[in-house]
Amino acid sequence: MSIESLLIRFGTVLPVLLISLVLHELAHGWVADRLGDPTARQAGRLTLNPLSHLDLWGTVALVVTFVGSGGGFLFGWAKPVPISPWLFRDPQRGMMLVGAAGPASNILLALLSAALVWLTCGWSLFLAEMFVLTFVLNVVLATLNLVPVPPLDGSRVVGGLLPRGVYEWWLSLDRYGNFVFTGLILILIAMPGAFHATIGAVVEWSFRLLPGG
């Protein structure tokens, strides 16, 4: 792929990814705020402004992985919304709901995108392709974030379902989370087969929601 084509593709993907990541983080902060934790609101994170959610190294990773893979793969992250779980009436349940809110926002956006694909595929191929891209990115984001490994949201959802005594032990594993998470990403990048057998399989199954699926 030429540099020009790569830049055009990046310029197409980036806005969709930014919208998806911003809504994901905004959902975390909004639910936390509703549960009694104003930390995200006080930090100015209950906003659709992407600049408030960008993470420096997450953005660098996004560019490096996209360019390095020739546009075939990209990975990055937004700045996590600050949460103060001790302000929740029930911290365990609160963190479960806050954690679930991010992937839920991506699932809802994916479903909306699927509906818009059906509405536009008969009269605008460009719009339909953009909504397919939005659909795929949000299915990937929801699936990846539901993996039960800290700091991913799936670990908060699983934690909320555990007995109280086991929950404290589960939280203690957070200190290893970043190492496990980094290893997981390296495996998915280095072994495309692992990606296709896991997240890729979910994306393939989700195509049943689209025309011709």
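Modeller: The axes of α4 and α5 cross at roughly 160° and come within 8 Å of each other. An angle over 145 degrees counts as roughly antiparallel, and α4 is therefore roughly antiparallel to α5. The crossing of these two helices is left-handed. All of this is read from a predicted model.

On the α4 side, the contact is made by Pro103, Asn106, Ile107, Leu109, Ala110, Ser113, Ala114, Leu116, Val117 and Thr120. On the α5 side, the residues are Leu127, Ala128, Phe131, Val132, Thr134, Phe135, Asn138, Val139, Leu141, Ala142 and Asn145. Sorted by class, the contact of α4 with α5 holds 15 nonpolar residues, 6 polar ones and no charged ones.

Helix α5, which covers residues 125-145, also packs against helix α10, residues 199-206. Here the axes are 10 Å apart and the angle is about 135°. That angle makes α5 and α10 oblique to each other. Their crossing is right-handed. From α5, the residues in this contact are Phe135, Val136, Val139, Val140, Thr143 and Leu144. They meet Ile199, Val202, Val203 and Ser206 of α10. The contact of α5 with α10 has 8 nonpolar residues, 2 polar ones and, again, no charged ones. Phe135 and Val139 of α5 are listed in the contact with α4, and Phe135 and Val139 are also listed in the contact with α10.

Now the charged pairs. A search of the whole structure gives 3 salt bridges.

One of them joins Asp90 to Arg164, with the closest N and O atoms 2.9 Å apart. Asp90 sits in the loop between α3 (56-68) and α4 (91-120), while Arg164 belongs to helix α7 (residues 164-172), so this pair ties together parts that are 74 residues apart in sequence. Asp90 has a relative accessibility of 24% and counts as partly exposed. Arg164, at 53%, counts as exposed, because the cut-off for exposed is over 50%.

Another salt bridge is formed by Arg156 and Asp174, and its closest N and O atoms are 2.9 Å apart. Arg156 is in helix α6 (residues 153-161) and Asp174 is in helix α8 (residues 174-190), so the pair links distant parts of the chain, 18 residues apart. Arg156 counts as buried, at 18% relative accessibility, since buried means under 20%. Asp174 is partly exposed, at 27%.

There is also a salt bridge between Arg41 and Asp33, with 2.9 Å between the closest N and O atoms. Arg41 is partly exposed, with a relative accessible area of 47%. Asp33 is partly exposed too, with a relative accessibility of 22%.

Ala194 lies in helix α9, which runs over residues 192-197. At 22% relative accessibility, Ala194 counts as partly exposed. If its neighbours within four places in sequence are set aside, Ala194 is in contact with Ile187 and Leu188.

To return to the helix packing: α5 is roughly antiparallel to α4 and oblique to α10. The crossing with α4 is left-handed, whereas the crossing with α10 is right-handed.

Key: Residues numbered from 1 in each chain as written. Predicted model: local features only at pLDDT ≥ 70, side-chain atom pairs only at ≥ 80, totals over all residues. Heavy atoms only, no water. Axes fitted to C-alpha atoms, helices over the stretch in contact; angles between N-to-C directions. Helix = DSSP H or I, 4+ residues; strand = E, 2+ residues; numbered from the N terminus. Parallel < 35°, antiparallel > 145°, perpendicular 65-115°, else oblique. Left-handed = near helix turned anticlockwise from the far one by under 90°. Contact = heavy atoms within 4.5 Å. Nonpolar A, V, L, I, M, F, W, Y, C, P; charged D, E, K, R; others polar. Salt bridge = Lys/Arg side-chain N within 4 Å of Asp/Glu carboxyl O. Buried < 20%, exposed > 50% of the residue type's maximum accessible area, 1.4 Å probe, protein only.
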